[in-house]
Amino acid sequence: MVMWALETKLVQSKGYGSPWLLDTMNSGGFLSPVRPKVSSTPNLGKYLGFPLRSNGRSTRDFDFVVEKVQAKLSSWKAKLLSPAGRVILVQSVTSTIPAYYMQNVALPIRVCSNLDKLNRDFLWGSTDERKKMHMVSWDKVCKPRDLGGLGLYSTKTRNLALLAKLNWRIMEDPNSLWAKTLIAKYCPNGIMNERLGTRRSGSSNWKGMKKGHEVFRKGLRWVVNNGQEISFWHDLWVGDTPLRSLVHGPLSSWEDSLRVCDVVEGVNMWNLSTLSLDIPTCIRESIKAISVCPNRPLADKRVWDSVGGEFKLGKAYSIACNKFSECSSLNPSSWIWKVRTSPRIMFFLWQCYHLSVPLAKHTLLPVTNFLNALVLILPPGFGNYSKVKNMISTPIKWVVPPLGWFKLNTDGLSLGNPGLAGGEGVIRNHVAIDLGILNLEIEMDSLVAVELVNSITTPNAFLSTIVTDCRSLMERFESCSLKHIFREANGYADLLAKTGCDQRPDFISFSNAPAYVLEALAFDVSSATRFCLISS
């Protein structure tokens with residue numbers, strides 16, 4: 001029974017080692033080699049889907065990825081699906097099978113090219129037996145939809161984007177076991193070390209991380225808190241490029257090494273007069289809008305260059321495609337995907353957009369003119385529609401605060417984005433909160449701002465400083481609440497905000513209500529109400 005169990009285990013396992021085993025000592029005192037009882041093999045199988053090799057991986061070790069995709073994108077499926085259906089299948093297959101292996105290993109170029117060829121042939125219905133013309137180039141197909149593409153991915157470029165995410169994970173979670181191992185072995189000076197790519201040897205994971213490191217660095221920017229770690233000229237912290245690329249002229253060694261905190265005096269008091277080079281006016285205004293305090297305990301932070309500061313694969317993909325500055329198209333095509341029709345017709349409109357519909361030879365010229373007219377005549381907003389919602393007319397009215405409480409109504413306005421912005425606050429019958437107010441009720445008609453301040457965490461890294469300051473100020477009161485109201489009940493504050501952008505001084509305090517808000521003030525204290533349509 002014991003021998004049977006032992007034999008079963010030997011059959012089910014694989015071993016790799018020397019073809020000779022050392023047996024007992026011979027008469028001369030030396031160990032004599034004997035033949036192994038278990039056959040050796042260079043194939044150690046796979047671990048978590050990756051092939052194991054004793055001497056590193058070769059390019060052929062990833063051929064199984066191509067085979068898996070080829071099994072999913074077989075030619076008979078292309079005959080049964082419309083072009084729109086093929087697009088969906090390519091998206092689902094290429095976003096699941098290869099992505100698992102591309103997230104920590106750089107696939108060989110040959111494998112990436114084969115995967116792209118499979119996707120291209122399947123999209124246009126081309127097979128080895130019957131070749132078909134690819135009506136739109138693969139580079140255009142792989143663009144985002146709003147830039148004229150189908151939103152498909154180029155394999156090599158997406159591989160770089162996923163490897164950039166691997167670098168991001170190490171920066172965000174350096175205390176994890178796998179991150180500690182890679183950092184201790186390959187980059188003891190940190191993931192942001194500029195000499196990271198000088199070391200050539202290493203594991204496949206390390207080599208993959210190196211290939212995605214450039215894309216990772218290009219996608220980072222700084223969030224300013226105290227400004228002590230940010231280079232004023234060479235780091236990306238305001239605008240779309242470092243400030244040094246926007247100015248021309250020499251800088252002294254002292255000025256070249258300036259940090260952000262070195263041009264700040266006090267709280268949010270920027271002293272740009274010490275700079276020898278002129279910064280564009282729009283950038284100056286953007287700098288003045290940044291909240292910074294050199295004595296703030298909150299340190300500066302690197303985040304991803306996205307809306308909320310979290311890693312976005314699409315942004316990394318655009319950087320890897322060298323489309324970092326490309327944000328629009330001369331002929332925007334996003335309207336195609338908003339037309340209320342079937343996906344097949346959307347795909348046809350997309351082909352018309354690229355003038356790539358296969359036509360008979362004798363009808364080529366007139367139909368081409370028709371396609372040109374189609375692209376020009378249909379407006380960008382053609383096909384837009386919204387779901388019909390049930391709206392209920394609800395009375396809205398400003399309400400007096402409870403006894404012992406004071407109410408602060410506030411609002412803001414921006415003249416463009418970016419642009420000049422103004423804000424205001426109104427406390428009825430009082431001029432400031434320094435008069436001993438203990439209980440404060442704050443109302444504003446920006447639901448986004450209310451949810452941001454009231455949330456437990458701060459999802460937007462770029463607004464974390466302002467949100468933290470708001471929460472700190474609210475904690476000074478014994479009781480303080482912040483809630484959302486509709487604009488119809490915030491008319492007084494809305495009028496003040498609209499005139500705030502036209503005021504030259506940075507701050508104005510009114511002891512009495514200005515003349516242009518008296519009508520709104522009288523309405524609030526009257527018994528009249530306004531009605532607002534609210535979705536049920």
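This is a predicted model: local features need pLDDT of at least 70, side-chain atom pairs count only at pLDDT 80 or more; totals for chains, interfaces and linings use all residues.
Visitor: Okay, aromatics. How many aromatic pairs are there?
Guide: Searching the whole structure turns up 13 aromatic pairs. Rings of Phe, Tyr and Trp (its six-membered ring) pair if their centres lie within 6.5 Å; planes under 30 degrees apart are stacked, over 60 edge-to-face, and the rest tilted. Take Trp 168 and Phe 311: the ring centres are 6.2 Å apart and the planes are at 40°, so that pair is tilted.

Visitor: Where do Trp 168 and Phe 311 lie?
Guide: Trp 168 is in helix H8 (residues 155-172), while Phe 311 is in the loop between strand E6 (301-304) and helix H14 (313-320), so the pair ties together parts that are 143 residues apart in sequence. Helices (H or I, at least four residues) and strands (E, at least two) are DSSP runs, numbered from the N terminus.

Visitor: Is Phe 311 buried or exposed?
Guide: Phe 311 is buried, at a relative accessible area of 11%. Trp 168 is buried too, at 7%. The cut-offs: buried is under 20% relative accessible area, exposed over 50%, and partly exposed in between (1.4 Å probe, protein chains only).

Visitor: And what's the story with Trp 304 and Phe 311?
Guide: They form a tilted aromatic pair, 4.5 Å centre to centre with 45° between the planes. Trp 304 counts as buried, with 0% relative accessibility.

Visitor: Which residues form an aromatic cluster?
Guide: Phe 62, Phe 64, Tyr 100 and Tyr 101 form one.

Visitor: Where does the charged end of Arg 530 sit?
Guide: Over the ring of Phe 523, 3.9 Å from its centre. That label needs NZ of Lys or CZ of Arg within 6 Å of the ring centre and within 35 degrees of the ring normal. Arg 158 likewise lies over the face of Tyr 153, 4.5 Å from the ring centre.

Visitor: Switching to strands. Do E8 and E10 run parallel or antiparallel?
Guide: Strand E8 (residues 406-415) and strand E10 (residues 439-444) run parallel, joined by five bridges; strands pair if DSSP finds at least two bridges between them. Thr 410 has Met 444 in E10 as its bridge partner. E8 is also joined to strand E9 (residues 420-427) by eight bridges, and those two run antiparallel. There, Leu 408 stands opposite Ile 427 in E9.

Visitor: What about helix H6, how many residues has it?
Guide: H6 (residues 109-124) has 16 residues and reaches 23 Å from first C-alpha to last, close to the 22 Å expected at 1.5 Å a residue; the expected span is 1.5 Å times one less than the number of residues. Its buried residues include Val 111, Leu 115, Phe 122 and Trp 124. Just after H6, Gly 125 takes a positive phi of about 75°.

Visitor: Last one: where is Asn 271?
Guide: In the loop between helix H12 (253-256) and helix H13 (281-288). Asn 271 counts as buried at 19% relative accessibility.

Visitor: What does the side chain of Asn 271 make a polar contact with?
Guide: With the side chain of Glu 265, at 2.8 Å, and another polar contact, of 2.6 Å, joins the side chains of Asn 271 and Ser 273. A polar contact is a pair of N or O atoms within 3.5 Å; within protein, one must be able to donate a hydrogen and the other to accept it, and residues adjacent in sequence count only if both atoms are side-chain atoms.

Methods: Residues are numbered from 1 along each chain as its sequence is written. Side-chain values use heavy atoms; hydrogens and water are left out.
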